Each structure stands twice: as structure tokens, then as C-alpha cells.
Protein chains: 6
Amino acid sequence: MPWLPSLKTDTPEEGFDLALKLSRMGVKKTQPDDDVRAELRAVYEKDADSLIASSQVVATNFQTVAAANNYWK
Amino acid sequence: MPWLPSLKTDTPEEGFDLALKLSRMGVKKTQPDDDVRAELRAVYEKDADSLIASSQVVATNFQTVAAANNYWK
Amino acid sequence: MPWLPSLKTDTPEEGFDLALKLSRMGVKKTQPDDDVRAELRAVYEKDADSLIASSQVVATNFQTVAAANNYWK
Amino acid sequence: MPWLPSLKTDTPEEGFDLALKLSRMGVKKTQPDDDVRAELRAVYEKDADSLIASSQVVATNFQTVAAANNYWK
Amino acid sequence: MPWLPSLKTDTPEEGFDLALKLSRMGVKKTQPDDDVRAELRAVYEKDADSLIASSQVVATNFQTVAAANNYWK
Amino acid sequence: MPWLPSLKTDTPEEGFDLALKLSRMGVKKTQPDDDVRAELRAVYEKDADSLIASSQVVATNFQTVAAANNYWK
């Protein structure tokens, strides 16, 4: 099964989770090693600027998912 | 009750508050520990560049919320 | 009276000022203390990279305001 | 005369110049002192990362101007 | 054969891969030397902030690809 | 002849090249001295974070160019 079968979700909340998934996949495609990512995560999850930058990526992907769902109108 | 039942708000001001909520949730989903986030917050709320970066995330999410509300026209 | 009654403005120039207001409010909602913000401002207004980052936030918010006003066509 | 009478321009090239103007105005509204800005400029115009960040602001404003002009189609 | 014959893809997942390709091409066009890029990659693939920044570029390009495909609706 | 006669291109690939041109022009308009830019380039083309930031600018400009060409549909 594909990891991204569709951009459609039933609710805004599921859409936000999909935006998170897209953001993490953007990292994973560049650094596929699970162990390395786990090490890096231990560091950046305690760094405010890294967390804000992560939230910026999620916000950008959420724009895409929200548009794909016509903003769940 | 879901934390994000809808992107619709009654007013632009409530829309801006929703953009703030989305921005913080983007951080919370990566760092779910309330105590760690509180510690980090004590630091970055006194760092101009962190605050500007936070405002950038809010601006991005506000684009999404405003579009979802047809700019409250 | 609400601080953001509408995204509509009479002119592009007023729209740019509204984008500035939204950008500053994004900071203020995270750091509500006026004195702390004044101290930080004294520093970042003399830092080129902070000023460029601020201009980026304004540009993002101006996109929203311009779209809300149908680009004042 | 207002500094931003309209987002309309006759050509894409004038539109790009308007995007530059908007980007600089985003800085000027935060740091209105001409002398301070001139000093900062002397530094950041020799800093590659500052120049790239400036180009990012211009790109964001150019999106707005281009949309306002229906991409000069 | 051109490296970018079209922005159309059959599935969202292929669209995400195309966004990755566009992001890497943005780097390659500035630094065409394969060896230099390989050296740089060895460093930034172990730097959390670089990976987050990369994911931001992918998110931006994915917006373009998704719009080009009408969000695969 | 103007450097930006139009945002229209025959192919997506030419559109990507135009996005690169816009990105570089954003730098050139701030730092017009060819020699200074050449010196800076020698540094940032070996800096992963600078290259990623450059790719971000290109991605933003490519959004504009792609929209101007109706995504070459």
C-alpha cells in the first residue's frame, strides 16, 4: 500500500496529521536511516528553533492538504 | 471533542487565534511533553529571532484559515 | 473594539500597514509583555538578518491581505 | 502621493521592481532610520546568506504582485 | 529527454517524489559538481536543522506539484 | 531588451530556469557588483545550508512561474 494514497481526509484534524506525515517524509526521503533520525530527533525536540522550523514545514504542508480538501467546507 | 473541528471562524480575529493554535499544535505534535515545551518557551519568548520565526508560522497558518473563510468577505 | 475587525482596506498602502500589524500581533501573542518586546526590539532593529526575517513575515501577511482585497483591482 | 498607489504594473520587470520596493519597505517600517539602514546594508550586502534571505522576501512579494497583474497574461 | 517533461503525475506519491526532484535540482543548478554535493550531503544529512530546511523546500515544491495535478481529485 | 519580458515559457524545464533567473536577480538587485557576487558565490556554493536556502528561493519563484503558465497543462 502506498504511504500517500490520497490528499483527501475526512476531517481537518486528520488533515493536520497528514501534513505532519508529509513533513516527516520530507526528512525521511533525505535521511532514510531510522537510527540516525532517532538520534537527531532526541536533539532537535529540545531545541526551540528547530521545533518552530518544524512547525513551519507542517504549516506549509497543511496549506496543501487544506486546499486539496476545499478547506473541509 | 476534536481540537480542530473546523477551519471556519466567525471573525478574522478568531481566525488569527486559530492560526496561533495551529502553530502551537505543530510544535506540540513533535514535542508532546508539556514540561519540556514550558522550559523551551521560557527561553524563546525572550529571543527576538525565535519570536519572528514564530510569527512567520502564524502568518502561514493564517493564510490557510483566511482562505478557508473566504477572507470573511 | 476588536483589533482585527476586517481584512478589507481602502488602499494597498493601508493593506501593507495591516500586514505589519498582523506580523507584530504574531509576536505579541507569544510575548505579551510590552517591556520585554521593547527590549528585544532595541536589539533586532539593528540586526540586518532580523530585519530581513521581519520583512519576510510582512510579505507573507501582505499576500493574505492583498488576496482578501482582490489585489485592490 | 502614496508610496504604493497600486499593485498593477505595465510589465513583469516593473512588477519585480515593485516586489523589491515592498521588501525594502518591510524593513524600513521596522527600522525607519536611514543612517542605521545604510550601515546595516554595508554589512549584509557582503553576506551571502543575508542576500539569499533578501531574495526570498522578494520572491514572496513577487508572488503577490504577479497575481495582482494576472501574471501579465 | 528533459529532466522535467511535465508536472503531472499519476499519484500523490509520485508527485511527492517529483517535489523532491525539484528541490534537489534547485541545489544542483547552483552547485553542479557531483562530488562537492556528495561531500556536503554527508554533512547535512546528519544535521537536524538542515534536514528540516530541506523538508521545507520539498513542502514548497509539493504545493506546486499538487496544484498542477488539481490535488489528484 | 528587458531581462524579464514575460513569465511564459514553452516548457516546465524552461520555467524552472526562469525561476533560477528570478532568484539570482533578487540577489543581484541588492548586490549589483559582479565581483562581490562572484566572491560570495565561491563560499556559499560549498555551504549546504546556503544551497538549501537557495533552493527554497527557487521553489518560491517556481510557484509563480508555474502558476503563470497554468502549470503547462
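**View 1. Asp17(D) forms a salt bridge with Lys29(F).** The closest N and O atoms of this pair are 3.0 Å apart. A salt bridge here is a side-chain nitrogen of Lys or Arg within 4 Å of a carboxyl oxygen of Asp or Glu. Between chain D and chain F the count is one salt bridge. This is a predicted model, in which local features need pLDDT of at least 70 and side-chain atom pairs count only at pLDDT 80 or more, while totals for chains, interfaces and linings use all residues. Residues are numbered from 1 along each chain as its sequence is written, chains are lettered from A and ligands numbered from 1 in the order in which they are written, and side-chain values use heavy atoms, with hydrogens and water left out.

View 2. Contact means heavy atoms within 4.5 Å. The two chains bury about 2,300 Å² between them. Carbon and sulfur atoms carry 64% of that area. Buried area is the accessible area (1.4 Å probe) that two parts lose on being put together, summed over both. On the chain D side, Glu13(D), Phe16(D) and Ile52(D) lose the most area to chain F. Together they make up 24% of what that side buries.

**View 3. Twelve residue pairs are in polar contact between chain D and chain F, both residues at pLDDT 80 or more.** A polar contact is a pair of N or O atoms within 3.5 Å; within protein, one must be able to donate a hydrogen and the other to accept it, and residues adjacent in sequence count only if both atoms are side-chain atoms. Helices are DSSP runs (H or I, at least four residues), numbered from the N terminus. Ala, Val, Leu, Ile, Met, Phe, Trp, Tyr, Cys and Pro count as nonpolar, Asp, Glu, Lys and Arg as charged, and the others, Gly among them, as polar.

**View 4. A rotation of 60 degrees superposes chain D on chain F.** The shift along the axis is 0.0 Å, and the RMSD is 0.0 Å. That is the relation of a six-fold axis. The C-alpha of chain D nearest the axis belongs to Thr60(D), 6.9 Å from it. Copies are superposed by least squares on the C-alpha atoms of residues with pLDDT of at least 70 in both. Only 19% of the interface residues of chain D are also interface residues in chain F, so the copies meet through different surfaces.

**View 5. Lys29(A) forms a salt bridge with Asp17(E).** Their closest N and O atoms are 3.0 Å apart. The rule finds one salt bridge across the interface of chain A and chain E. α3(A) gives the most to the side of chain A that touches chain E, with eleven residues. That side has 15 nonpolar, twelve polar and one charged residues.

**View 6. Lys28(E) lies in helix α1 (residues 12–28) of chain E.** Beyond its neighbours within four places in sequence, Lys28(E) is in contact with Asp34(E) and Arg37(E).

Technical notes: Helices (H or I, at least four residues) and strands (E, at least two) are DSSP runs, numbered from the N terminus.
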